[in-house]
Amino acid sequence: MKNVKNILIILFIIGALIFIKIAFLSNSSPGPAASKSGQVAATNVTVVLAKTSTFETRIVATGTTLSNEEVDLKPEASGKITELLFKEGDKVTKGELLLKLNDADLVATVKKLELNEKLAADKESRLKRLLEIKGVSQEEYDAALNALQGIRADMDFNQAQIAKTELRAPFDGVIGLKSVSEGSYVSPTVKIASIQQIDPIKIDFFIPEKYSGLVHKGLKLTFHIQGQKEEFEGQIYAIEPKIDLSTRTMQLRGLCPNKSGKILPGSFAEVRLILNEAPNSILIPTEALVPVLKGQNVFLYKSGKTAAVAVETGARTDTQIEITKGLNPGDTIITTGLMQLKPGAPVRIVESKQDQ
């Protein structure tokens, strides 16, 4: 029993000595940051070559399509509908008669006035000839002339009232769903139907105020609407001359041809605008930018070592950023391992993304 105990003690001492030796050797051997010669090991990095290209300032906005013109059709007078001259969904032209109200009483009044006008005109003509030979006084002639003019004024008034019994298309467009039938009694507050002009079609959308100086009339736009794969093209034709105080956005309105009628008013639209094109711009990946206390830096690869360069930036996209100052075409930019790098540190290129 005593021998077994001694053996266990000896084995424990041997194990402790082995552990101490391994720990000592690991502390005294060079780490990953040092080579056998005592120099700092090079860090593996990925680089991209700086080159010039055309940079487009693009924005995406959501908008709504609108009719070019839209009106609720309502009669100017009250009365019974005697003729309904359109069908729902019809294309109509400006001035086309759409609805007729009962005007029998007005037509009868006009006929009576026409007879009175003929009699009054004959009387005025006779008195005019008599006045020339001093057969009647000036007062008698003036009274006859005044009566004739009064009858003609009444005729004009009744013709205007008859015109109010007709409802005509105010512009070329498409008739919507009707809400009345022939024989209905309507008043000026009753909506007959709606008419919409959908060629061309309008697109209303908003952009952040920081882009307000880059938009102008005639600027091209493209948009998609839900349910259709086709991309539609148009241009800005009107700009709201103020910034909305609550959203800090500016409202724009575009115009797009719609001869096929595929775009319907009220559709959700995803609008894309190219606000500016800058040729010969240097673009780098956004991850290559290193924030520092006094701005932003980029690490360059130069003869196996790093060089920190202060840069100034312009516009950016999701993956790239424009460099306006600090870089030249042909510079080799480090894009990985940036948090471990210091100016002058040795690096080794393991991947070069020339087409970035």
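How many residues does α3 have, and how far does α3 reach from its first C-alpha to its last? In this predicted model, α3 has 26 residues and reaches 38 Å between those two atoms, close to the 38 Å expected at 1.5 Å a residue. The buried residues of α3 are Tyr-141, Ala-144, Leu-148, Ile-151, Met-155, Asn-158 and Ile-162. They pack against β5, α2 and β6. An α-helix has 3.6 residues a turn, so residues three or four places apart point the same way.

Helix α2 was examined in the same terms. It covers residues 104-132, and its 29 residues should span 42 Å at 1.5 Å a residue; the C-alpha atoms at its ends are 42 Å apart, which agrees. Leu-106, Val-110, Leu-113, Glu-117, Ala-120, Ala-121, Glu-124 and Leu-127 are the buried residues of α2. The cover over these residues includes α3 (138-163). After α2 comes Lys-134, which has a positive phi, near 65°.

The protein as a whole has three helices and 19 strands. Of its 356 residues, 32% are buried. Among contacts between residues at least 6 apart in sequence, 73% join residues at least 24 apart. The accessible surface amounts to about 22,600 Å², and carbon and sulfur atoms account for 54% of this area.

In soluble globular proteins, nonpolar side chains tend to be buried together. The largest nonpolar core in the model has 23 residues, and Phe-205, Ile-207, Phe-223, Leu-252 and Leu-273 are those with the most contacts inside it. At least two residues of this core come from each of β2 (52-73), β9 (193-208), β10 (220-225), β11 (232-239), β12 (249-256) and β13 (268-285). The most is given by β9, with five residues. Residues up to four places away in sequence being left out, Leu-273 touches Thr-57, Arg-58, Ile-59, Phe-205, Ile-207, Leu-219, Lys-220, Leu-221, Ile-236 and Leu-252. Another core, of 18 residues, lies apart from the largest one; Ile-81, Val-92, Leu-167 and Ala-193 are among its members.

Strand β2 also contains Ser-67. This residue counts as buried because its relative accessibility is 8%, below the 20% cut-off. The side chains of Ser-67 and Gln-196 are joined by a polar contact of 2.4 Å. Beyond its neighbours within four places in sequence, Ser-67 is in contact with Gln-196, Gln-197, Ile-198, Lys-202 and Pro-265.

An open sheet is formed by four strands in the order β6-β5-β3-β8, with antiparallel pairing. Its edge strands, β6 (166-168) and β8 (185-186), each pair on one side only. Within this sheet, three bridges connect β3 (residues 79-84) and β5 (residues 97-101) in the antiparallel sense. Glu-83 is placed opposite Lys-100 in β5. Strand β5 and strand β6 are also among the elements against which the buried residues of α3 pack.

The loop between β6 and β7 (173-175) holds Pro-170. With a relative accessibility of 35%, Pro-170 counts as partly exposed. Pro-170 and Thr-93 are separated by 77 residues in sequence, while their C-alpha atoms are 8.2 Å apart in space. Neighbours within four places in sequence aside, Pro-170 is in contact with Leu-73, Lys-94 and Ile-195.

Strands of a sheet pair through backbone hydrogen bonds, either parallel or antiparallel. Strand β14 (residues 290-292) runs antiparallel to β15 (residues 295-302), and three bridges join the two. These two strands form a hairpin, with two residues between them. Val-292 stands opposite Gly-295 in β15. Strand β15 is in turn joined by seven bridges to β16 (residues 305-316), again with an antiparallel arrangement. In this pair, Val-298 faces Val-309 in β16 as its opposite residue. The hairpin of β15 and β16 likewise has two residues between the strands, and Ser-303 in this hairpin takes a positive phi near 55°.

Definitions and conventions:
Residues are numbered from 1 along each chain as its sequence is written. This is a predicted model: local features need pLDDT of at least 70, side-chain atom pairs count only at pLDDT 80 or more; totals for chains, interfaces and linings use all residues. Side-chain values use heavy atoms; hydrogens and water are left out. A nonpolar core is a set of buried Ala, Val, Leu, Ile, Met, Phe, Trp, Tyr and Cys residues joined through side-chain atoms within 4.5 Å. Buried means under 20% relative accessible area, exposed over 50%, partly exposed in between (1.4 Å probe, protein chains only). Contact means heavy atoms within 4.5 Å. A polar contact is a pair of N or O atoms within 3.5 Å; within protein, one must be able to donate a hydrogen and the other to accept it, and residues adjacent in sequence count only if both atoms are side-chain atoms. The expected span of a helix is 1.5 Å times one less than its number of residues. Two strands pair if DSSP finds at least two bridges between them. Accessible areas come from the Shrake-Rupley method with a 1.4 Å probe; for residues, only the protein chains shown count as cover.
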